[in-house]
Amino acid sequence: MEPARLAAHPVGLTGRETASGGTPKPMPQPDNTEERAALDFFARKRYVNRTGEAFSLDIRFAVPSGITILFGASGAGKTTLLGCIAGLAKPEEGRIAVDSRVLFDSVAGIDVDVSRRSVGYVFQDLALFPHLSVERNVRYGLRGLDEAERERRIGEVLESFRIAPLRKRLPGDLSGGERQRVALARSLVTRPAVLLLDEPLSALDPPTKARILDDLRAWNRARRIPILYVTHSREEVFALGDRVLVLERGRVIAQGLPQDVLGAPRQETVAQLAGFENLFDARITAVHDDLGTMTCRLAPGSPAAIDIEVPLARIERSSAVRIGISAGDILLATEEPRGLSARNVLRGTLTTLEERDFKVLVRVDCGVSFAVLLTPGACRSLELAPGCKVWLVLKTHSCHLLRPTDDAASF
Amino acid sequence: MKKGREIHGRPRRLRLTALPAALAAVLLLVLLPAPARASGQLTIAAAADLQYAMHALIVKFERQTGAHVRLVLGSSGNITTQIEHGAPYDLFFSADVEHPEILKREKLIVPGSLRRYAVGRLVVYVPKGSKLDFAREGLAALTDPSVQKIAIANPRFAPYGRAAVAALRHVGLYERLRPLIVLGEDVSQTTQFVVSGNAQAALTALSLMFAPGTRSRGNYWIVPAADYPPIEQAVVIVGRSTEKPLAQAFLHFAASSEGRSIFRDYGFTVPAPEKGQ
Amino acid sequence: MNWQALALTLRLSLITAGSLLVIGLPLAYWVAFSRRRWKFLLQTATSMPLVMPPTVLGFYILIAFGSSSPLGRLYQRWTGHTLAFTFTGLVVGSILYSLPFAVQPLVNAFVSIDPRLIDASRVLGASRLRTFFRVILPLSASGIATTIALTFAHTFGEFGVVLMVGGDIPGVTRTISIDVFDLVEAGRYGQANITSLVLLAVSFTVLALVYWWNRRAWPRTPWA
């Protein structure tokens, strides 16, 4: 497991070298283009989300080519953001440029028409033209080319996305995965300068999803365009992302490498989005610079308060913090474990067992209640039942210190 | 909670009962037979060319007898069809003799009630400012190139339409003018085509020239009676009439010297009174 | 049977239906997609003939295009005759009279198209016009068929406007419904009956054909 980072310095979005292990790069190298921002975005816009609440989008970011995940709860402004890039929504103020081509600039009065933006956009519901065959859907965006070149490109993209045999079929006769492939092919065949994907794979089973993503990555390896990929699936973020931007109520609340942002969330909202089941109020009771840890009291002030060890961070003693622990990161034992590197071993009573597809969520009362994720097999072999005495093992680095979302106060 | 519901419940119940009640009331109004006609009320159906003469007659008749008269205007053909299907008319003043004859054959009239009461006269009606000189040229003035459309009543069923065709034939212009002819449903519509400026001339009834709107917007010239067969007009008492004595009284009034002078004033020729009536 | 009146009425109905499609498409597009606040006024105006008696419409056409109105004088100077009593006059009257039957089904068809399809077309580089012809029109096929059927049938049986402005000229403005009226007026019920049956049969056939075709037309979202 990647060691969690609790560094207080912000992680840059162009921090690809950090992800690739920190080996120094030779200066002129093909990856160099990634260092330049391929998509430069700034926009302010009022919008109404699907539940009818009014928000204002106020977002500024710059990303290089490759996949950037837009992560956030529904209504966070992800689709509005994509709309601003595609030209389907008009910011009240802002500047949007792709590869130094300005698509929108409220100051300069530039607003390139949707049809001339060279944007590829795969909508959540795909929006395939139901009256056109696969081939004619893919052909739709190809104009101003001679027929031979058109045929060549269509053939190429249909091959790349493995849908050549479906050429003559209508979208209504395709499976979900096939339709996703057609939608991707239709967008990519036009050689867009930027690709926007609005949860295009949300309805697919994981293996299909993985195959399509592999094809997408392969396609983009040669072309190197920026791809914005909207999702609220945590798995997709880790599977795909070079970078992730977390949106909440029209603001970017966190950005960086997926494992930094979601693996070690520093904001509670991100932690919730990332699926951290255990969130506690806590207070730092001791700082051990020499050990690289801090002692942290969960549920301070309550008689059931318990102490755990958390990684060292630049936080003062007796500060109030929030601690987030993923239910999957907690070990459970029926006998007191010994000789572990883990610093935190807590004794408790199993209170409930809850089976959810291929997973069992167990609640253990150790003074405070912990959620622990187990496999059904583990559950059976340990003969777990409510009332069992158990021990929980928490790795120090599985305990994430969170800070409240900065922007929350401004709403 | 319970109390609140009860309080809210009351007006709702009211509304629920009010709605069917209102519906029932409306249904009753719609479905109930119209109240029986007050006795002493006469319903007269008359051809369109009679509208002004009839108004004048009715006003005088009402003043003299205190009876109430309703007037229904239409084409003779239409009124005949209506009577055949049971229309509640007492008297039918037709613009011809044929339609009353049809009703007579069908035994739908009071026997012996058919009589000719007036002879209509055909005029050419032109908009004010028209340069056509009928006084000098007669109907031949219609050949002037400024005339693009000539309105006549539909000769398939309107007596004045047949008279118009006969008059044009008589002066030998029918075939020539035929492409210019447009048909009105009755003399009223025929006249209206000139008033609205869509036709440059109309062959219509003299009796309509007494309407203020017609007189102020155009001029007319009376077509010589010798040019077309007389437009004899007949009246009948409808067999189903419930007011036969009153109908008889009205007929009597219409045939009186006062009634005849009214017909004359409104552009009809009135035949000498028939004996034995 | 008055074949001339039947042929004339068919011609009038076809021309009216065709013209209304051409006029109705941009009007409906505007009503369906405009974000103007006052577009409801246009919607109301195009629906007015629904509540206006045809005789009123005919009366206004007579007045508006008669030589006593400026518009009528202009038209007369331009064409040399008045609009009344001409086939063109009937077409104009019928177009106004059947306008709601053209606009409403088209608006319904347009607004039921998934707006994302229109966005997708635009993002793929298509102009609004190309989007209209390649996406909106094909997906509105059933609305278009309905429009053609309704305007055709509505004109085919149209009476009031024709009675007011037609002048009952054989071969020019004597439509089949006017012919029926004349036959009844003249007391020739047998012929009126035959002509009426032909009128009903033609209308029924046209509507049946369109609805049959409509049944086979594109479902809007085949997988939904």
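A residue is called buried if 20 or more other C-beta atoms lie within 10 Å of its own, exposed if 12 or fewer do, and partly exposed in between, with C-beta atoms placed from the backbone. The structure is a predicted model, in which local features need pLDDT of at least 70, side-chain atom pairs count only at pLDDT 80 or more, and totals for chains, interfaces and linings use all residues. Residues are numbered from 1 along each chain as its sequence is written, while chains are lettered from A and ligands numbered from 1 in the order in which they are written.

In chain A, A:Thr334 counts as partly exposed because 14 C-beta neighbours lie inside 10 Å. A:Thr334 sits in the loop that joins strand 16 (330-333) to strand 17 (344-356) of chain A; helices (H or I, at least four residues) and strands (E, at least two) are DSSP runs numbered from the N terminus. Leaving aside residues up to four places away in sequence, A:Thr334 touches A:Leu382, A:Cys388 and A:Val390, where a contact requires the C-beta atoms of two residues, placed from the backbone, to lie within 7 Å. From A:Thr334 to A:Ile96 the separation is 238 residues in sequence and 57 Å in space, C-alpha to C-alpha.

Chain B is assigned domain 1 (41-119 + 230-265) and domain 2 (122-222), with bounds from an automatic or database domain assignment. The centres of these two domains of chain B, taken over C-alpha atoms, are 27 Å apart. Their contact involves 11 residues of domain 1 of chain B and 15 residues of domain 2 of chain B. On the domain 1 side, helix 2 (51-65) and helix 3 (76-84) of chain B are the elements that give two or more residues. That side consists of 6 nonpolar, 3 polar and 2 charged residues; Ala, Val, Leu, Ile, Met, Phe, Trp, Tyr, Cys and Pro count as nonpolar, Asp, Glu, Lys and Arg as charged, and the others, Gly among them, as polar.

Between chains B and C, the contact takes 16 residues from chain B and 19 residues from chain C. Helix 3 and strand 7 (181-184) of chain B each supply at least two residues of the chain B side, and the largest share, 3 residues, comes from helix 3 of chain B. By class, the side of chain B that touches chain C has 4 nonpolar, 9 polar and 3 charged residues.

Chain C contains 11 helices and 0 strands. The C-alpha trace of chain C spans about 65 × 45 × 25 Å along its principal axes, and 46% of the 224 residues in chain C are buried. Of the contacts in chain C between residues at least 6 apart in sequence, 73% join residues at least 24 apart.

Within chain C, the axes of helix 1 (residues 3-33) and helix 5 (residues 87-111) come within 6 Å and cross at roughly 45°. Axes are lines fitted to C-alpha atoms, for helices over the stretch in contact, and angles run from 0 to 180 degrees between N-to-C directions. Helix 1 and helix 5 of chain C are therefore oblique to each other, given that angles under 35 degrees count as roughly parallel, over 145 as roughly antiparallel, 65 to 115 as roughly perpendicular and the rest as oblique. The contact of helix 1 with helix 5 of chain C has 22 nonpolar, 5 polar and no charged residues.
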